[in-house]
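Subject: Structure handover

Hello,

Here is the structure I promised you. Please open it next to this message and follow along.

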Amino acid sequence: MNTIRWSLFLLVASASAATWTDRKEYDLALTIRAESLPKKRLELLDQWKAKYPQTEFRQVRRELYLSTYQSLADSAGMLAVAKEMLADQPDNLIGRYWCTLLIP
């Protein structure tokens, strides 16, 4: 499923108007894609968030956080990311889904 998600991510990224801030951001995203250990992926995602807080790929990054927290069985982390999604985009269906699932 992770491979499918990344394939979709790359397809959407190349087809959309969103652009990478610079080559380093792109390389960091590829490094995250290649990382198989969830804890290391989480560290890399934190680096991406710190270095590029306003990237056009914020939503993609949040979805990667969700899948990483899910791999770690960290429902509190998943809920925090889902709430962040809704704060930025109140109509975000992924954020609504996970909030609905995790809040009870």
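Residues 24 or more positions apart account for 43% of the contacts in the protein, counting contacts with a separation of 6 or more. Keep in mind that this is a predicted model.

**Overall picture**

The protein has 104 residues. Of these, 35% count as buried. The secondary structure comes to 6 helices and 0 strands. Along the sequence, the pattern reads α-α-α-α-α-α. The accessible surface is about 6,500 Å². Carbon and sulfur atoms hold 58% of that surface.

**H4 against H5**

Start with helix H4, residues 58-71, and helix H5, residues 75-88. At what angle do H4 and H5 pack? The angle is about 160 degrees, and the axes are 8 Å apart. An angle over 145 degrees counts as roughly antiparallel. H4 and H5 are therefore roughly antiparallel to each other. The crossing of H4 past H5 is left-handed.

Now find the residues that meet. On the H4 side they are Arg58, Gln59, Arg62, Glu63, Tyr65, Leu66, Tyr69 and Gln70. On the H5 side they are Gly77, Met78, Val81, Ala82, Glu84, Met85 and Asp88. Sorted by class, the contact of H4 with H5 has 7 nonpolar, 3 polar and 5 charged residues.

**H5 against H6**

H5 also packs with helix H6, residues 93-102. Here the angle is about 140 degrees, and the axes are again listed as 8 Å apart. Are H5 and H6 oblique or roughly antiparallel? Roughly antiparallel needs an angle over 145 degrees. H5 and H6 are therefore oblique to each other. Their crossing is left-handed.

From H5, the contact takes in Ser75, Met78, Leu79, Ala82, Lys83, Met85 and Leu86. From H6, it takes in Ile94, Gly95, Arg96, Trp98, Cys99 and Leu102. By class, the contact of H5 with H6 counts 9 nonpolar, 2 polar and 2 charged residues.

Compare the two lists for H5. Met78 is in the contact with H4, and Met78 is also in the contact with H6. Ala82 meets H4 and is part of the contact with H6.

Threonine 68 sits in helix H4. Is threonine 68 buried or exposed? Its relative accessibility is 0%. Buried means under 20%, so threonine 68 counts as buried. What does threonine 68 touch, leaving aside its neighbours within four places in sequence? Its contacts are Pro38, Arg41, Leu42 and Leu45.

Alanine 73 is placed in the loop between H4 and H5. Its phi is positive, about 60 degrees, although alanine 73 is not a glycine. Alanine 73 has a relative accessible area of 68%. Exposed means over 50%, so alanine 73 is exposed.

Lysine 24 lies in helix H2, residues 23-34. At 64% relative accessibility, lysine 24 counts as exposed. How far apart in space are lysine 24 and lysine 51? They are 9.8 Å apart, C-alpha to C-alpha. In sequence, lysine 24 and lysine 51 are 27 residues apart.

Tyrosine 26 is in helix H2 too. Tyrosine 26 has a relative accessible area of 27% and is partly exposed.

Write back with any questions.

Best wishes

Conventions
Residues numbered from 1 in each chain as written. Predicted model: local features only at pLDDT ≥ 70, side-chain atom pairs only at ≥ 80, totals over all residues. Heavy atoms only, no water. Axes fitted to C-alpha atoms, helices over the stretch in contact; angles between N-to-C directions. Helix = DSSP H or I, 4+ residues; strand = E, 2+ residues; numbered from the N terminus. Parallel < 35°, antiparallel > 145°, perpendicular 65-115°, else oblique. Left-handed = near helix turned anticlockwise from the far one by under 90°. Contact = heavy atoms within 4.5 Å. Nonpolar A, V, L, I, M, F, W, Y, C, P; charged D, E, K, R; others polar. Buried < 20%, exposed > 50% of the residue type's maximum accessible area, 1.4 Å probe, protein only. Areas by Shrake-Rupley, 256 points an atom, 1.4 Å probe, with all protein chains shown as cover.
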